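Open the model in your viewer and keep the selection tool at hand. Each stop below says what to select and what is there.

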Amino acid sequence: MTVKTANKHELRTRETRALLLQAAEMIFVRDGYEGAELGEIAALASRTKGAIYAQFKSKEDIFLALIEERALCYRARMEKLLAESTSVAGNLEALRTFYLQLAGDQAWSLLLLEFKLFAIRHPESRKRLQTLYSAMLSQSDEKRLADILGAASKGKDAISRVIAIQSLQPMISALVLEAQMENNLSDRNVIKKVVNRIFDALMEVPTQ
C-alpha cells in the first residue's frame, strides 16, 4: 500500500493552521471571545488576516475549531494513559493522573468558560459542540467504560460511569477558575487534594 506524503503546499497549510490555532488560544484566553480580534491572532501567528479566512470562515469558526481540537487532544492523551495500564485498578489511577493534569491547565478552563458562555447565546454553536461531545462519549459507552473502570454500583443513588466522566471535567474546571479568585484554593497541593476527593467520590474508589 502506497502512503501519500504531503507536498510543500499541504505542509505549509498545516503549519499555518497550527500557528493560527496556537495564537487564537492565547488571544481568546487573554481577551475573551468578544474582545478577541482576528487581526491580532494573525499578527501573533506571523500570518496575514487573509490566511485566517483561507482556513476559517469567521472568528466563531476558529474559536470552535480550537475547542474541538483541544477536546480531541485531551481525549487522545487520556487514551494513551489508559493504554499503558493492564488492570481496572491501573486504569483508575491512569484516569486520576489525567484529571490531575487537567486541573493544571488553567487556559483550557478559561477557554471552556468562554465557549460555554458563548454557546448559551448561540444555539447553533452549542449544537456543534454537543455533537462533538456525543461522538466522544454517550450513554451507549457505559459497558465499554465499565469494562475499563469496573462497573458502577447499583441503587437509586448510583452514578453511571458515563455520568461520572461527564461530571469530572466541569467540576474540575470550576475549581480551577475559583482558584483564581480564592486564595485558599491557590495552592497547587490543595487543588490536588480536592481533585482527588472529587475523583474518589464520583468513581467510587474505596477509601484506603
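Select arginine 30. Arginine 30 is exposed, at a relative accessible area of 53%. Exposed means over 50% relative accessible area, buried under 20% and partly exposed in between, with a 1.4 Å probe and protein chains only. Aspartate 31 counts as partly exposed, at 29% relative accessibility. The side chains of aspartate 31 and arginine 30 form a salt bridge, 2.8 Å from N to O. A salt bridge here is a side-chain nitrogen of Lys or Arg within 4 Å of a carboxyl oxygen of Asp or Glu.

This is a predicted model: local features need pLDDT of at least 70, side-chain atom pairs count only at pLDDT 80 or more, and totals for chains, interfaces and linings use all residues. Numbering runs from 1 along each chain as its sequence is written, and side-chain values use heavy atoms, with hydrogens and water left out.

Next, select Arg12, Glu15 and Arg47. Salt bridges that share partners join Arg12, Glu15 and Arg47 into one network. Start with glutamate 15 and arginine 12. Their closest N and O atoms are 3.8 Å apart. Both sit in helix α1 (residues 8-35), three residues apart, about one turn of the helix. Helices are DSSP runs (H or I, at least four residues), numbered from the N terminus. Glutamate 15 is partly exposed at 41% relative accessibility, and arginine 12 is partly exposed at 46%.

Now turn to arginine 47. Its side chain meets that of glutamate 15 in a salt bridge of 3.7 Å, N to O. Arginine 47 lies in the loop between α2 (38-44) and α3 (49-55), and glutamate 15 in helix α1, so the pair ties together parts 32 residues apart in sequence. Arginine 47 is buried, with a relative accessible area of 17%. How many salt bridges does a search of the whole structure find? It finds 13.

Last stop: select residues 161-178 and 188-203. These are helices α9 and α10; their axes come within 10 Å and cross at roughly 160°. The axes are lines fitted to C-alpha atoms over the stretch in contact, and angles run from 0 to 180 degrees between N-to-C directions. The two helices are therefore roughly antiparallel, a term for angles over 145 degrees.

Show the side chains at the contact (heavy atoms within 4.5 Å). On α9, pick out residues including Ala164, Leu168 and Ile172. On α10, they include Val194, Ile198 and Phe199. The contact residues divide into 13 nonpolar, one polar and one charged. Nonpolar covers Ala, Val, Leu, Ile, Met, Phe, Trp, Tyr, Cys and Pro; charged covers Asp, Glu, Lys and Arg; the others, Gly among them, are polar.

Note on methods: Angles under 35 degrees count as roughly parallel, over 145 as roughly antiparallel, 65 to 115 as roughly perpendicular and the rest as oblique.
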